[in-house]
Amino acid sequence: MRQISLPDGENVPALGQGTWYMGEGGGRRKAEADALRHGIELGMTLIDTAEMYAEGGAEEVVGDAIQGQRDQVFLVSKVYPHNASRKGAIAACERSLQRLRTSHIDLYLLHWPGSHPLADTVAAFRQLQEEGKIRHWGVSNFDQDDMEELVAAPGGADCATDQVLFNLTRRGPGFDLLPWCRARAMPVMAYSPIEQGRMPDHPALDEVARRHGVDRFAVALAWVLGHDGVIAIPKAADRKHLEANRRAADLVLTDQDRQALDRAFPPPTRRRPLEML
Ligand SMILES: NC(=O)c1ccc[n+]([C@@H]2O[C@H](COP(=O)([O-])OP(=O)(O)OC[C@H]3O[C@@H](n4cnc5c(N)ncnc54)[C@H](OP(=O)(O)O)[C@@H]3O)[C@@H](O)[C@H]2O)c1
């Protein structure tokens, strides 16, 4: 599996696993944990979750999946903006650790910009780091202006990543945010890399897929992963999807493919506000 470097030089896999909509019940908890374990076996050892997902339910599923193999996994979770005060972020992290049944989270993110001062959230993250409860911290759904405000705040330049909506149909961050992060050696985590399974049935996408003997989701994922410094975290509860996604991480698109995709899904020619799901 190709690796991506965090700003401090630590490597993480370019392809991870998402967990939104896991842990919502319906008797699926064991199957969801089994799917995550299968993904780990395939090398997708970065797992992304959040206190928001099923109000802690997804973290509990992740807790099941990593039992006995915590050291193999790079665990990402997120704090709700309304919990991201100086004290609130610490309490939220401790609740997440209990649900995840682990001593530490590898990367803890502020889920989206909120009303608590960034300096307070960063101070809480630094305390959590000093206490060994988190190893790295970062943000999510921060546009370039939010990132500039963050790095100007005390300690803000230590941010390890920005997790944003980025895929073939949502190319906005490619114009400004990706180059901004790349210039700082800060990887971007692309969420909903296959547009939540709604990647359009476009003839150009299908043509590229046909050339490689794969489907349009594999092409869409390979396209995201073809960007320097970008980590993709598709969510898949279905084993066939997991296996297809793993294969897509080895799919190299040609210049001809990329040009065809650019004609079908044109790159942004000016700055666009960051989209969010
Ligand atoms: N920071 C944020 O604000 C934010 C927002 C959204 C998402 N996220 C994170 O990013 C992760 C991924 O995003 P997402 O879940 O929104 O969307 P996604 O990964 O783009 O799509 C997930 C959907 O696609 C299906 N799927 C997966 N692999 C497939 C394949 N190879 N072929 C066809 N369908 C496939 C899945 O079905 P099955 O489950 O049935 O396999 C699921 O319905 C989330 O789970 C979450 O961890 C973060």
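This is a predicted model: local features need pLDDT of at least 70, side-chain atom pairs count only at pLDDT 80 or more; totals for chains, interfaces and linings use all residues.

Tutor: Leaving aside residues up to four places away in sequence, R29 touches G23, V61 and D64. R29 itself lies in helix α1. There are 17 other C-beta atoms within 10 Å of R29; a residue counts as buried at 20 or more and as exposed at 12 or fewer, so R29 is partly exposed. The C-alpha atoms of R29 and S96 are separated by 17 Å, and these two residues stand 67 residues apart along the chain.

One of the residues touched by R29, namely V61, leads us to helix α2, where V61 is among the buried residues. Helix α2 is mostly covered, with eight of its 10 residues buried. These are A58, E59, E60, V61, V62, G63, A65 and I66. What provides the cover? The elements over the buried residues of α2 include α1 (29-41), β3, β4 (74-79) and α3 (88-100).

E55 counts as exposed, because it has 11 C-beta neighbours inside 10 Å. The phi of E55 is near 45°, a positive value in a residue other than glycine.

A185 is placed in the loop between α6 (177-183) and β8 (188-191). The phi of A185 is near 55°, again a positive value in a residue that is not glycine. A185 has 12 C-beta neighbours inside 10 Å and therefore counts as exposed.

We may now turn to a pair of helices. Helix α7 (residues 203-212) packs with helix α8 (residues 216-225) at an angle of about 90°, and their axes are 8 Å apart. The two helices are therefore roughly perpendicular to each other. On the α7 side, L205, D206, V208 and A209 take part, and they meet R216, A218 and V219 in α8. The residues of this contact divide into five nonpolar, no polar and two charged.

Which residues come nearest to the ligand? Of the 26 residues around it, these are G18, W20, G197, K235 and H241. Helix α9 (residues 239-248) gives the most to this shell, with three residues. The shell residues divide into 11 nonpolar, 11 polar and four charged.

Finally, these parts can be set within the whole. The protein chain has 10 helices and nine strands. Its radius of gyration is 18 Å, close to the 19 Å that the globule rule gives for 277 residues, so the chain is as compact as a globular protein of that length. Taken along the principal axes, the C-alpha atoms fill a box of roughly 50 × 45 × 30 Å. Of the 277 residues, 45% count as buried. Among contacts with a separation of 6 or more, 78% are accounted for by residues 24 or more positions apart.

Definitions and conventions. Residues are numbered from 1 along each chain as its sequence is written. Helices (H or I, at least four residues) and strands (E, at least two) are DSSP runs, numbered from the N terminus. A residue is near a molecule or strand if its C-beta atom, placed from the backbone, lies within 6 Å of it. Ala, Val, Leu, Ile, Met, Phe, Trp, Tyr, Cys and Pro count as nonpolar, Asp, Glu, Lys and Arg as charged, and the others, Gly among them, as polar. Two residues are in contact if their C-beta atoms, placed from the backbone, lie within 7 Å. Axes are lines fitted to C-alpha atoms, for helices over the stretch in contact, and angles run from 0 to 180 degrees between N-to-C directions. Angles under 35 degrees count as roughly parallel, over 145 as roughly antiparallel, 65 to 115 as roughly perpendicular and the rest as oblique. The radius of gyration is taken over C-alpha atoms; the globule rule is 2.2 Å times the number of residues to the power 0.38.
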